[in-house]
Amino acid sequence: MKHAAIIILAFLMAGTVSAQTEREKYEAAKRQAMGQYASQKKKAMAEYAAFRKKANEDYARYMQEAWEAMRVSKGEKPPAQPKPKRAPQVAPDKLPEATPLPTPIVVPSPRQVPPPPVPEENIPEPAPTTPTIQFALYNTPCIVHASDNLRFTLPSLSEKSIAEAWKALSAEKYDGLLHDCLEQRSQLHLSDWGYIRLLKNMSERLLPAQNSNEAVLLQMYLLTQSGMKVRIAKSDGRLVLLVPFDHDIYNYSYITIDDTHYYVLDKQATGSVEVCKVAFPKEQVASIVMNELPALTSSPSAKRTFEAKQFGTLKVEVRVNKSLIDFLSDYPVSSSWECYANASLSPEVKDALYPVLRSQIKGKSQKKAAHMLLDFVQTAFDYATDQDQFGYERPLFGDESFYYPKNDCEDRSILYSILVRDLLGLEVVLVHWTGHLGTAVCFTDEVDGDYFTIDGKKYVICDPTYIGASVGMTMPQFKNAKAKIVRL
């Protein structure tokens, strides 16, 4: 027994030594990996700092050259859509048939919105002792490190004065401010447009009201350092920002440079302006498309009840975030349908809506579930055209359909596309006929009805505006009409 105990003890000690050895190996490997990462990060930051230093020196030199006089073009209005004045209703005896629709025009798939070109990790953090300033972005508190020595003045708007200011902005003392702005963008999940608004609010908070030109130059500097393509112009003694986007936007004046529209973010600028056309290295065109909605401070709206009429049991109460509604109402109206459909819904709306919808469609076939969601969008909302509700064309983001009193075919199709993708996991395309927008769904089950064939796949019509229509039913006037397919 004594020998057995000794053997067991020796075995346990060997196991302990072995475990310690493995832990030591793991910790050593971990330390080595962390050291390599720190070394690589330090090298990357040094390389980026050297790139920025040279780029800003060159840019300041080019800014001193003569700026070019250019003409501001008036902003274009969103194209008028001859939509139905009221939502049409299907004949009660109408049944869907498996009818192939005319071959559509397929719009190329939207490009994926790339991540911001410059993450905050590439920029040195500010010292913890640096003073801070607070400002708000759509009721959402924001904070950045910024001391008084970041304030500056432009003696004039001469090319030399602006170039000297750019040199001053290129100093290391502004790196902490840039880091914090990039970090705020990441934390709030801001799109490029949201980031532009963040910098505007921050710069106008940092600099006195009389320093509006300085605020604009600071915004431009931070945007270029963040990797965004931007230009600057002088208009009647004021500096104005010029920003191109990956889709046309409406109601903003623009200047055309090398066949690209640069939108004037100051709506007061008109006539002739002087433009600094110099490009900053590695700049990237801003995207108007959002992959997600921003995370803004919650400010709940009044509760509204939405109830489907056909099935009688689908009823839900929804509040929306008023801070988000304010942000979306400021968002430029664009030519990008996917901008609205791919932004999805906010967590607040999903938390109220999705459990109810999921309980209703649970265990149903794809066709039945899609029909129930179709009925919800067809009958739970009142219909009105944009002209009647707002006096101008403007598609609604998904959340806005739960806030404004009414919606139209565009808004219903955008919302339905979100619900089907999120709740059924099926591919959806938007179907654009002249004067109408609908959707088509790629079912994995066999489903009858009117359909398009796109890249060998069958997409069955689902029209959220054709009241009473089931899956597969097309409005009669569009049966033989040519359609444009917009991928999401």
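Q: Hi! Which backbone oxygen does the side chain of S413 reach?
A: In this predicted model, the S413 side chain reaches the backbone oxygen of L437, at 2.9 Å.

Q: Nice. Is S413 buried or exposed?
A: S413 is buried, because its relative accessible area is 0% and the cut-off for buried is under 20%.

Q: And which residues does S413 touch?
A: Leaving out residues up to four places away in sequence, S413 touches L430, L437, G438, T439 and P464.

Q: Where is S413 found?
A: S413 is found in helix α12, which spans residues 409–424.

Q: OK, and which strands does helix α12 lie across?
A: Helix α12 lies across β14 (427–433), β15 (436–442) and β17 (457–462). The helix runs at about 15 degrees to β15.

Q: Let's switch to the sheet. What order do the strands have?
A: The order is β2-β18-β14-β15-β17-β16, in an open sheet of six strands with mixed pairing.

Q: Which are the edge strands?
A: Those are β2 (105–107) and β16 (451–454), and each pairs on one side only.

Q: By how many degrees are neighbouring strands turned against each other?
A: On average by 35 degrees, with direction ignored.

Q: Back to β2: how many bridges join β2 to β18, and do they run parallel or antiparallel?
A: Three bridges join β2 to β18 (residues 484–487), and the two strands run parallel.

Q: Which residue in β18 is the bridge partner of V107?
A: V107 has V486 as its bridge partner there.

Q: Last one: through what do strands of a sheet pair?
A: Strands pair through backbone hydrogen bonds, either parallel or antiparallel.

Note on methods:
Residues numbered from 1 in each chain as written. Predicted model: local features only at pLDDT ≥ 70, side-chain atom pairs only at ≥ 80, totals over all residues. Heavy atoms only, no water. Pairing = 2+ DSSP bridges. Helix = DSSP H or I, 4+ residues; strand = E, 2+ residues; numbered from the N terminus. Axes fitted to C-alpha atoms, helices over the stretch in contact; angles between N-to-C directions. Contact = heavy atoms within 4.5 Å. Buried < 20%, exposed > 50% of the residue type's maximum accessible area, 1.4 Å probe, protein only. Polar contact = N/O pair within 3.5 Å; in protein donor to acceptor, adjacent residues only side chain to side chain.
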